[in-house]
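Subject: Structure handover

Hello,

I am passing on the structure we spoke about. Please look through it first; my notes follow below.

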Amino acid sequence: MYKLKILDCKTFPDRKWMLCKGSLNEYLESLKPEFYTFSIQRKIVKNQYLDTLITTIKEKDPIPVITLTYNDDKLQPKVGDEVSINMENIEILDGLQRTFRLWAHNELIKEYESSAITDPTSFAKQIKNKYPIFFETGIVSLTKIKNFYQNGEFDEIKTSFQDFDVYFVVWIDLTPKKVIHKMLVLNAGQRSVSKTHQFELLFLYLWEDLRIQLKDITLYREKESDANKIKSGTRNSGDYMFTSVIVALRSFLEKKPLRVSIDDLDVSELGQDESSGEINEGIFNTHFIKLFLENLKALDDVVIEKEAEYGKKWFVKDTTLSGILAGLGAYAKVNETQSIEDITKLYQDSFDKLLIMVKEKGFTLNEFTKQYNVLSSRSVNIGNFIRKVVMDYTIQLLEDADPSWEAIFNSKSKNG
């Protein structure tokens, strides 16, 4: 348990807020082991300015407030009280990068004291084996460790941590959606948060609950070891990249194929794909997301049944998923201002129709491949081109036409 002194507090009908002060050393010691892997946070990134944080601590200058979220409906905060919070139940909304750097140095000190290694190079090798992320992010280097040995900084940092207080804002009993909104507001000044990233954050909370119900569907994040295998098509039906599913959902709602690029855990569109529309947050309920994923897998099953291993590779691509779902949205004429009930019905009706047409006619991927193989001779952005081609093919299937990959490829090439 971590003890905090309440300096100010507010109580709202559905949440509470506290401004607190606590010991830095006790904070670092009480962090749960996985504190930096909270699903909605970006990964630890390189930042040379944040790496000077230790100097700030040694000089006893205050550091920015760290914002936490905590659930405890029995907690009734009062100014002047000392409260104990269970750090297993906290998440860091703002201050993850700072916390991680301070924690890394705290771990460095403990390893130094317990190992009794006198050679800095040998000590650096031990740390690199045990905490590779320290070196990957540039927080620790051989040069820094040599300087710590030479200047006796391990003891100096340890003393500074013991004598330093940290200030916290603690939000208590926020709903999942409010947690997301607080995080977006807190990070708004650091980096623009794209609509797709907002989708990802909102989706994530529901996915934590849905993964228990959807045992035959697995979503993979970029940081997972199997990510490249899944993207290459070495997968089972129902295995998808998380970002590809998110961009497919957006493509459906916006009726145009969108694309993504990965930056840490952030997902952002390129300029021409950005939308000015509002997110219909009604889609972020377990019923709609469960329906969305179940239908996706049903279509996946049919494609694999017809196209075998190549179907596995083709269907999992974000170009394929965004194209198909954009086609569905265009055919269904969805509108983000519509009610969730209307969107759900339009979505299900169009998906039912597509499933029938794919079973009957398929995506004829052998013909798709022939046309794809000659794309290199054309002056086009292949990713954007394929998304639009797949969208057109999907719409024609839904309209009971007899789509031809050759005709669609040629038409799109002429029209740009």
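To start with one cysteine: C9 counts as buried, because its relative accessibility is 18% and the cut-off for buried is under 20%. Please keep in mind that this is a predicted model.

C9 is in no disulfide, and the nearest cysteine sulfur, that of C20, lies 8.6 Å away. A disulfide needs the two sulfur atoms within 2.5 Å. C20 is also buried, because its relative accessibility is 0%. The structure as a whole holds zero disulfides.

Overall picture

The protein has 416 residues, and 51% of them count as buried. Its accessible surface comes to about 19,300 Å², with 48% of that belonging to carbon and sulfur atoms. There are 17 helices and ten strands. Among contacts with a separation of 6 or more, 75% are between residues 24 or more positions apart.

The six-stranded sheet

Six strands form an open sheet in the order β4-β1-β2-β6-β3-β5, and the pairing is mixed. Its edge strands are β4 (82–85) and β5 (90–94), each of which pairs on one side only. On average, neighbouring strands of this sheet are turned by 40° against each other, direction ignored.

Within the sheet, β3 (residues 66–70) pairs with β6 (residues 165–172) in the parallel sense, over five bridges. In this pair, I66 stands opposite F168 in β6. Helix α3 (residues 96–115) packs on the sheet and touches β3 and β5. The direction of α3 makes about 115° with that of β5.

A buried serine

What does the side chain of S322 reach? S322 sits in helix α13 (residues 318–332), and its side chain reaches the backbone oxygen of D318 at 2.8 Å. The side chain of S322 also makes a polar contact of 3.5 Å with the side chain of R387. Leaving aside residues up to four places away in sequence, S322 touches V247, A248, S251, P257, L258 and R387. S322 counts as buried, because its relative accessibility is 0%.

That is what I have for now.

Regards

Note on methods:
Residues numbered from 1 in each chain as written. Predicted model: local features only at pLDDT ≥ 70, side-chain atom pairs only at ≥ 80, totals over all residues. Heavy atoms only, no water. Buried < 20%, exposed > 50% of the residue type's maximum accessible area, 1.4 Å probe, protein only. Helix = DSSP H or I, 4+ residues; strand = E, 2+ residues; numbered from the N terminus. Contact = heavy atoms within 4.5 Å. Areas by Shrake-Rupley, 256 points an atom, 1.4 Å probe, with all protein chains shown as cover. Polar contact = N/O pair within 3.5 Å; in protein donor to acceptor, adjacent residues only side chain to side chain. Pairing = 2+ DSSP bridges. Axes fitted to C-alpha atoms, helices over the stretch in contact; angles between N-to-C directions.
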